[in-house]
Amino acid sequence: MAFSSLNFIFIFLPIFLIAYFTVNKKYKKIMLLVGSIIFYLIGTWKKPEYLLLLFFSIFINFILANLIENYEKENKLILAVGIIFNINLLLIYKYFDFFASIINKNFNTGIKELNLILPIGISFYTFELISYIVDVYNKKIKAEKSILKLAGYIFMFPQLISGPIVTYKEIKQQVDKKQVHIENIILGIKYFILGLAFKVIVADRIGILWNDIFMLGIDSISSILAWLGIIAYTIQIYLDFQGYSLMAVGLGKIIGIELPDNFDAPYLTTSMSDFFRRWHISLGRWFKNYIYIPLGGNRKGKIRMIVNIIIVWLITGLWHGASYNYLLWGMFVGIIIVIEKLFLERYLSKSKILGHIYMFLLIPIMWAIFSIKDLSTLSLFIKKLFSFEEGLIRLDYLKYIKTYGYLILTGLLLCTKISEKFLLKKQTKNSQIIILLVLFWVSISYLYKGLNNSFIYFDF
């Protein structure tokens with residue numbers, strides 16, 4: 001069940017909040033767990049076994065964490081078993097068919113593909129469970145003695161499906177000492193409405209341009225239209241995911257949980273390294289703390305640093321999906337970051353204008369690689385971006401500028417965080433209320449007309 005759905009906004013959320021704020025404070029944790037389980041069950045009603053899979057995963061990690069804490073001599077082996085268990089879940093459900101097809105193609109082995117539907121949120125809750133047992137092993141936290149508390153952390157519906165990825169240490173104290181204040185509830189509502197508007201009013205509308213280009217065929221479009229399309233997708237993926245993240249943070253504030261902001265104006269950066277410090281911040285932090293630093297980070301010389309960066313980005317690409325383009329995307333980003341670390345960043349830091357031009361060229365190429373799964377189509381599209389000989393002769397882009405020009409300009413403005421700075425202030429002004437109410441009801445009207453799509457990151 002998506003946050004940007006009428007069923008969630010007008011049925012699930014009101015019923016849950018009435019129950020949540022009605023029960024005694026000591027039962028709020030149970031109410032949050034029950035509500036979150038119902039939320040997940042609604043999303044998986046065609047595959048209820050995926051709810052059992054999540055319960056099973058929580059149970060195994062609960063046992064393993066306690067074993068790690070109680071058997072120090074064997075805790076490294078137990079941790080390895082836990083990591084292998086969690087990774088195997090991803091391998092089976094997300095990557096088995098991908099690797100089976102590669103093996104079959106190259107060795108003619110005839111391995112049968114499983115054709116499994118990806119369980120909702122598995123990429124996110126698996127990482128959270130890995131971080132939990134690793135933190136227990138590193139003695140950053142104590143192993144949880146109540147499986148209900150651990151389940152409450154994993155199931156928490158604001159962040160269950162697409163993050164932000166939070167550690168148990170971040171959530172435990174908040175859940176135990178949950179404080180609900182009217183100021184935070186109001187601020188949470190603001191976050192939710194703005195995120196809903198990002199998603200429904202702008203991201204879904206502007207995404208139609210990207211789809212139209214592929215309906216026309218890459219061969220038949222001009223280079224200017226190709227640029228319009230990838231700029232549209234660049235705006236769409238940001239406002240779609242930032243929209244979800246704002247809604248998740250808003251829901252957290254309403255129930256008294258502070259979830260971390262997941263974006264910090266990434267398109268205003270002047271290097272790829274800085275871009276991914278500001279994009280999907282919780283995921284980047286996870287890879288840094290649980291893969292990059294354990295591999296040695298940048299502490300063991302330049303060669304080791306280069307290898308570690310490439311490993312992390314190949315895994316990051318594969319995490320996003322079982323497809324060659326995601327591996328290519330990870331390799332592309334990793335190589336760019338390595339080049340920056342070795343020498344380029346010192347030049348980019350001297351000139352912001354140069355840095356912005358550099359990122360203006362790289363970001364669309366990066367998102368083209370990310371979006372286009374067929375590599376031959378991707379190659380054709382990249383060539384189209386840089387073949388301007390027919391750009392001014394073919395005027396196919398004029399129609400799309402008229403239709404989508406205002407959305408592109410609006411989207412570019414929203415990428416600067418101007419709207420967040422005004423609409424998410426704690427101090428509530430009449431102008432702020434009016435704008436938020438208009439955004440909410442316009443969003444609802446679009447949802448009522450069925451003019452919405454699923455969140456892009458639900459696919460991962």
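1. The structure holds 55 aromatic pairs. Rings of Phe, Tyr and Trp (its six-membered ring) count as a pair if their centres lie within 6.5 Å; planes under 30 degrees apart are stacked, over 60 edge-to-face, and the rest tilted. This is a predicted model, in which local features need pLDDT of at least 70 and side-chain atom pairs count only at pLDDT 80 or more, while totals for chains, interfaces and linings use all residues. Residues are numbered from 1 along each chain as its sequence is written, and side-chain values use heavy atoms, with hydrogens and water left out.

2. Phenylalanine 12 lies in helix H1 and phenylalanine 157 in helix H7 (residues 157-160), so the pair ties together parts that are 145 residues apart in sequence. Helices here are DSSP runs (H or I, at least four residues), numbered from the N terminus. Both phenylalanine 12 and phenylalanine 157 are buried; buried means under 20% relative accessible area, exposed over 50%, and partly exposed in between (1.4 Å probe, protein chains only).

3. Phenylalanine 98 and phenylalanine 99 form a tilted pair, at 5.4 Å centre to centre and 55° between the planes. Which of the two counts as buried, and which as partly exposed? Phenylalanine 98 is buried because its relative accessibility is 10%, whereas phenylalanine 99, at 35%, is partly exposed.

4. One aromatic cluster includes Tyr238, Phe241, Trp279, Trp313 and Trp367. Trp367 is also among the residues with the most contacts inside the largest nonpolar core, together with Phe3, Phe8, Phe155, Met272 and Met366. That core has 152 residues, and its largest share, 21 residues, comes from helix H10 (residues 223-255). A nonpolar core is a set of buried Ala, Val, Leu, Ile, Met, Phe, Trp, Tyr and Cys residues joined through side-chain atoms within 4.5 Å.

5. What is phenylalanine 8 in contact with, leaving aside its neighbours within four places in sequence? Its contacts (heavy atoms within 4.5 Å) include Met1, Phe3, Phe39, Phe157, Phe192 and Leu251.

6. Serine 5 sits in the segment before helix H1 (6-22). Serine 5 counts as buried because its relative accessible area is 18%. A polar atom of its side chain lies 2.8 Å from the backbone oxygen of alanine 2.

7. Lysine 28 is over the face of tyrosine 20, at 4.9 Å from the ring centre. Lysine 94 is over the face of tryptophan 319, at 5.1 Å.

8. The count of salt bridges comes to 11, where a side-chain nitrogen of Lys or Arg must be within 4 Å of a carboxyl oxygen of Asp or Glu. In one of them, the closest N and O atoms of lysine 199 and aspartate 204 are 2.9 Å apart. Lysine 199 is buried at 0% relative accessibility, and aspartate 204 is buried at 1%.

9. Arginine 278 and aspartate 274 also meet in a salt bridge (3.1 Å, N to O). The two are 4 residues apart in helix H11 (residues 272-278), so about one helical turn separates them. Arginine 278 is partly exposed, at 24% relative accessibility. Elsewhere, salt bridges with shared partners join Lys199, Asp204 and Asp240 into one network.

Methods. Polar contact = N/O pair within 3.5 Å; in protein donor to acceptor, adjacent residues only side chain to side chain. Lys NZ or Arg CZ within 6 Å of the ring centre and 35° of its normal.
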